[in-house]
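Please open the structure in your viewer and keep the selection panel at hand.

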Amino acid sequence: MKVARRAEFRGPTAAVVTLGALGLVPLLVGREDLLNLGVVFLLTVALAQSWNVIAGLAGQVNLGHAAFFGLGALVTRELWVTGTSIGLAMAAGAAVAAAAGVAVGLAAFRLRGAYFAIGTLALGEILRISVGNVLSEISTLPAATIAGYRLTARYYAALALAVGSVLIVTALGVSRLGLGMQAVREDEAAAAASGVGALGVKLRAVALSTALAGLTGGLFAYYHISYYPQHPFSPVWTFDAVLVTFIGGAGTAHGPVLGAAFYVLFKEYLAVRWVDAHLLIFGTLFVLIVLLLPGGLVEAGQRLSRRLARPGAGAAASAGP
Amino acid sequence: MRVLLQQLLLGLLLGGLYGLAAAGLSLIFGVLKVLNVAHGELIMVGGYLAFWLATGLGLDPFLALLAVIPLTAVLGLALYGALFGFVVRFDEETRIKNSLLVGFGLALTLHALAVRAFTADERSIPTAYWGQTVALGGLVVPVGRLASLAVALALIGLTHLFLARGRWGQAIRAVAEDWEAALLQGIDVRRAYLLAFAIGTGLAGAAGALVSVGYSISPAIGLEWTLKALIVVVLAGLGSLVGTFVGGLVLGLAEAASALTFGGPYREVVGLLLFFCVLLGRPQGLFGRA
């Protein structure tokens, strides 16, 4: 049991240690472009993990996830620029996002599987269009705030959020709530028959997931100097989270970290040559993963290490379904 | 009053395209239990094919349509062979969920390819009759859009006739009803799936060609059209293409009415809200089984 536990934590531990090491980067290099890339990566980790909670662990493919990221950004920004401290503003953003998440969940959890997915996609679009109509002006920080803008503060805040999100998913993996979420994902009727309160579990999952998305949105508002309020509501954020989570390994604590590293670096590398090429590559990769390798990079790594550990048995194992 | 009627008329004309866009999705979903969320991207591809044929070869867009349908149908065959053929091996619930994910990846890929090939600009096919209108009891009817509605209706009618009377059409309906029973009757289920998928993508291509005549296309229109088609499918239910077409007209009218009531920027919202409410009303899904 102890050995099994240790193996279970190996991936997440490596992820947290790697992220922790990123904390040294601002001390070693002062290059702003690297720090900005770091913030984008850490935000991607946190957003993907927030989606991972509802979809990877609880199996509810929420395609309206950007709405909660956007709500967090909206509330945080409004409060922060009118004088509230950023910590309090982000907490309020997370609370509003979670409240909206529970409200959506109460209605949409009547829907199963793909119907939940398209229903939440529609809700996300409703919110995006409405916000775009009501707040069409670009949101820019006041001059005084820009003068005092320190990138390292954003970097460390994003780092803390990313590490926190990995820890939350790791803890969920072995907690009663997390096990309940996975039971609901595998077979909701069977889970309910075994005494798991499916609706309660799903509501707690969506509350946690949307609160984390709201916090990430808050950080987005803290990081960016100017953007259109509608932008964080764009379905692109949902798509990013879906791609990163699936490519890394849905339902695992370290998969999204791996996926985000892969995604952000590739996107950065390709953007120089050809804008949006990453979507061509990652869209194709995503399809292949759904069809051939549902566990993503994490599963690929496990298969590879198993094969390396037992060269004879590896071939036999891969012959199975 | 005239403004109201004029807006409703334009909504009705657009609604015909919603109906045609939804027909392909409905056919594929109803028969294969595959929810292809890249349907809007297939419409976009059809639009660009028509644009190419019209501007490159100088074909009339309605003539180009005749080439676009078989081309997109062949694209459908390829997509079925490469992707969706793997999905239909699963049970119904997994099928829908996996097809949604596969379609999502496909949508991103097609969108990125289209940006690469055609740039992100909006385009529409210039025609001699662009801007020409006929008067109808004081209302102004754009000729191109009216012709589009007629073509959409004709295509729906032909497909309906094929499904109702044709030998393979009946096989497709039998497979949609119960594929195992159809298999036991000696129907080639795989071929029926392939055929239904190809017809569905062909209809998407046709819808795209019509969109590029009366309206405009860009690589980004995919998601919007997928949503329109999904809304209509959910409103109209599965099983009747004529019903789907009527559902499209209703959505077009509802959008026009809401644009008049709440202002243009909100015209999309009413359809999405309707969609969500109807979905909630049938939580077991569209196949009518618990």
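Helices (H or I, at least four residues) and strands (E, at least two) are DSSP runs, numbered from the N terminus. This is a predicted model, in which local features need pLDDT of at least 70 and side-chain atom pairs count only at pLDDT 80 or more, while totals for chains, interfaces and linings use all residues. Residues are numbered from 1 along each chain as its sequence is written, chains are lettered from A and ligands numbered from 1 in the order in which they are written, and side-chain values use heavy atoms, with hydrogens and water left out.

**Select chain A**

Colour chain A by secondary structure to find 16 helices and 2 strands. Its C-alpha atoms fill a box of roughly 65 × 50 × 40 Å along the principal axes. The radius of gyration (taken over C-alpha atoms; the globule rule is 2.2 Å times the number of residues to the power 0.38) is 20 Å for chain A, which agrees with the value near 20 Å for a compact globule of 321 residues. Of these 321 residues, 50% are buried, where buried means under 20% relative accessible area with a 1.4 Å probe, protein chains only.

**Select chain B**

How many helices and strands does chain B contain? Chain B has 11 helices and 2 strands. Followed from the N terminus, the order of its elements is α-α-α-α-β-β-α-α-α-α-α-α-α. The radius of gyration of chain B is 19 Å, close to the 19 Å from the globule rule for 290 residues, so chain B is as compact as a globular protein of that length. Its C-alpha atoms occupy a box of roughly 60 × 45 × 35 Å along the principal axes, and 55% of its 290 residues are buried.

**Select both chains at their interface**

Which chains meet here, and through how many residues? In this interface, 37 residues of chain A are in contact with 36 residues of chain B, contact meaning heavy atoms within 4.5 Å. The size of an interface is often given as the accessible area lost when the parts come together. Chain A and chain B bury about 3,500 Å² between them, with 82% of it on carbon and sulfur atoms; buried area is the accessible area (1.4 Å probe) that two parts lose on being put together, summed over both. Finally, display the side chains of A:Tyr115, A:Ile118 and A:Leu291, which in chain A lose the most area to chain B, together 18% of what that side buries.
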